[in-house]
Amino acid sequence: MSVSPRSNDVSSDATGPPFRTIAIVGVGLIGGSVGLAARATWPGIRVIGIDARDVLVSAVALGAVTDTAGDVSAASAADLVVLCAPVAVNAATLATLAARLEPGAVVTDVGSTKRDIVAAAEAHGFDWFVGGHPLAGAATSGTASAREHLFRGRPWILTPSGRSAPAAVERLRAFAVALGATPTVLDAVAHDRLMAYVSHLPQVVASTLLETVGSTVGENGLALSGPGLADTTRLAASPGGLWAGILAANADHVAEAMTSLEAALARLRAGLGDTASVETTFNSAARWRRAIKLIGEADRSQTWRGGAPPERTVPATRTYLEQAAPVSASTPWPERGWSVVRVERCPATFYRYLYREVGRPWHWIDRLPWSDEHIRSHVSSPGIEIWLLTHDTVPAGFAELERATDGGVEIVYFGLLPEFIGRQAGRPFLEAIVGRAWDGGTTRVWLHTCTLDHPRALTNYLAGGFRVVREEAYTARLETVGVR
């Protein structure tokens, strides 16, 4: 099989494609879907498939590639190389590519772990490598399962190295957006730890759960199981060979996640006879489940086509909380570099950015559609204070306070940006904001949360010294504005 000469005859939209020739190393589910989506978006581009002969025959028949090759050296013709082989193979492929690519050619991968590939790229001197991980999949694998819309509405995480050129990151971001995905930039270590909890641990749990149940009750017992077991263990059908490599590459973070789960199971086992203990676990899980559902709804509304998405309303409960007297703060910051400062001047664009990013993906917030004039008028109102949390000068969260003439202070909004959640900064940030609220003759500090908020919000406020004043049921309107 061979690759035809480079061609610049590309028909595209008005802006043109960010890449004109794409080489895909490994044309399976993800690689094939990249090819299909790219060709559907820019019909004139070349897509070179690099894989075994039988795989490429299927890829050509499917329309995922325009050219085929059996050797990775064919990637030298591309200005984007997408590595879609197993994690260890991708890292090894970089060494082969190092001397073959033209200056400015961007290289990325789609692996589930990022530290090894990013380290390999740095070791080989790649200035135009950006790690990538589209969070998309299907129940079956292989080229035949590839589809054009696989990435639509799905996250696509980019993990640049210390050497990555900013232009490479931006071109890949534009590429992912054009394929329908929502790109996010993360550090490789942060990515691997996150995936250990949201992807690798669920896979381990599903597989070990079904292994335990199946070996205990056998096929006769499974025949009597309900749909819950099948739903819970859907991931158990995943190929062990693929997952062995993923778990080995992320063993430290997966072990940490498994330890956390083991501790949670131990607590539940110790309290099986305690109704309150069991209800606490189940209620907390139910809130997180609602969060997952809201995230999915937000993603679907982001990809709505053909006019405005329909307005949705959902039943919700609003909980009002207050502090009638100051509570001493005692939680230390997790490390150096955190700062809480008042923003004296808050342009409308920055205000909207804070609400959008801290509120993501719970986009029912009604301030996002406010006009710039409305925001400027609100922010300049007497009693409104905007407080910004930063870590090493990078925005990490914000809070809005409103001081009333009777001495009451409402925490109108409070939260962390998504990439800072889980870094143990929420509690000291809350204590710092409450401390600011109590400055200056304050008589009480109050706020409200609801069942559409972050699932841990109510627990955190109660732990921070607030008490519940009242609860009320209402109908929440999910906003139709974009949130990313």
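The crossing of helices α6 and α8 is left-handed, a label used when the near helix is turned anticlockwise from the far one by less than a right angle, with right-handed used if it is clockwise. A quick word on what we are looking at: this is a predicted model, where local features need pLDDT of at least 70, side-chain atom pairs count only at pLDDT 80 or more, and totals for chains, interfaces and linings use all residues. Residues are numbered from 1 along each chain as its sequence is written, and side-chain values use heavy atoms, with hydrogens and water left out.

Back to our pair. The axes of α6 and α8 (residues 240-249) come within 11 Å and cross at roughly 130°. Those axes are lines fitted to C-alpha atoms, for helices over the stretch in contact, and the angles run from 0 to 180 degrees between N-to-C directions. α6 and α8 are therefore oblique to each other; angles under 35 degrees count as roughly parallel, over 145 as roughly antiparallel, 65 to 115 as roughly perpendicular and the rest as oblique. On the α6 side, S199, H200, Q203 and V204 make the contact, and on the α8 side W243, I246 and L247 do; contact here means heavy atoms within 4.5 Å. By class, that gives four nonpolar, three polar and no charged residues. For the classes, Ala, Val, Leu, Ile, Met, Phe, Trp, Tyr, Cys and Pro count as nonpolar, Asp, Glu, Lys and Arg as charged, and the others, Gly among them, as polar.

Now, α6 (residues 188-222) also packs with α9 (residues 251-270), at an angle of about 55° and with the axes 8 Å apart. This crossing is right-handed. Among the α6 residues that meet α9 are H200 and V204, and the α9 side includes M258 and L261. The contact of α6 with α9 has 10 nonpolar, three polar and three charged residues.

What about α11 and α12? Helix α11 (residues 348-359) and helix α12 (residues 372-379) have axes that come within 9 Å and cross at roughly 90°. That makes α11 roughly perpendicular to α12. A348, Y351 and R352 of α11 touch D372, I375, R376, H378 and V379 of α12.

Let me zoom out. The chain has 14 helices and 15 strands, taken from DSSP runs numbered from the N terminus (helices are H or I, at least four residues; strands are E, at least two). Of its 484 residues, 44% count as buried, where buried means under 20% relative accessible area, exposed over 50%, and partly exposed in between, using a 1.4 Å probe and protein chains only.

So where do the nonpolar residues gather? The largest nonpolar core has 45 residues, and I411 and I433 have the most contacts inside it. Such a core is a set of buried Ala, Val, Leu, Ile, Met, Phe, Trp, Tyr and Cys residues joined through side-chain atoms within 4.5 Å. A second, separate core of 36 residues includes L29, L80, V82 and L179.

Two loops to finish. In the loop between β11 and β12, T393 is exposed at 72% and has a positive phi of about 75° although it is not a glycine. D392 is in that loop too, with phi near 55°.
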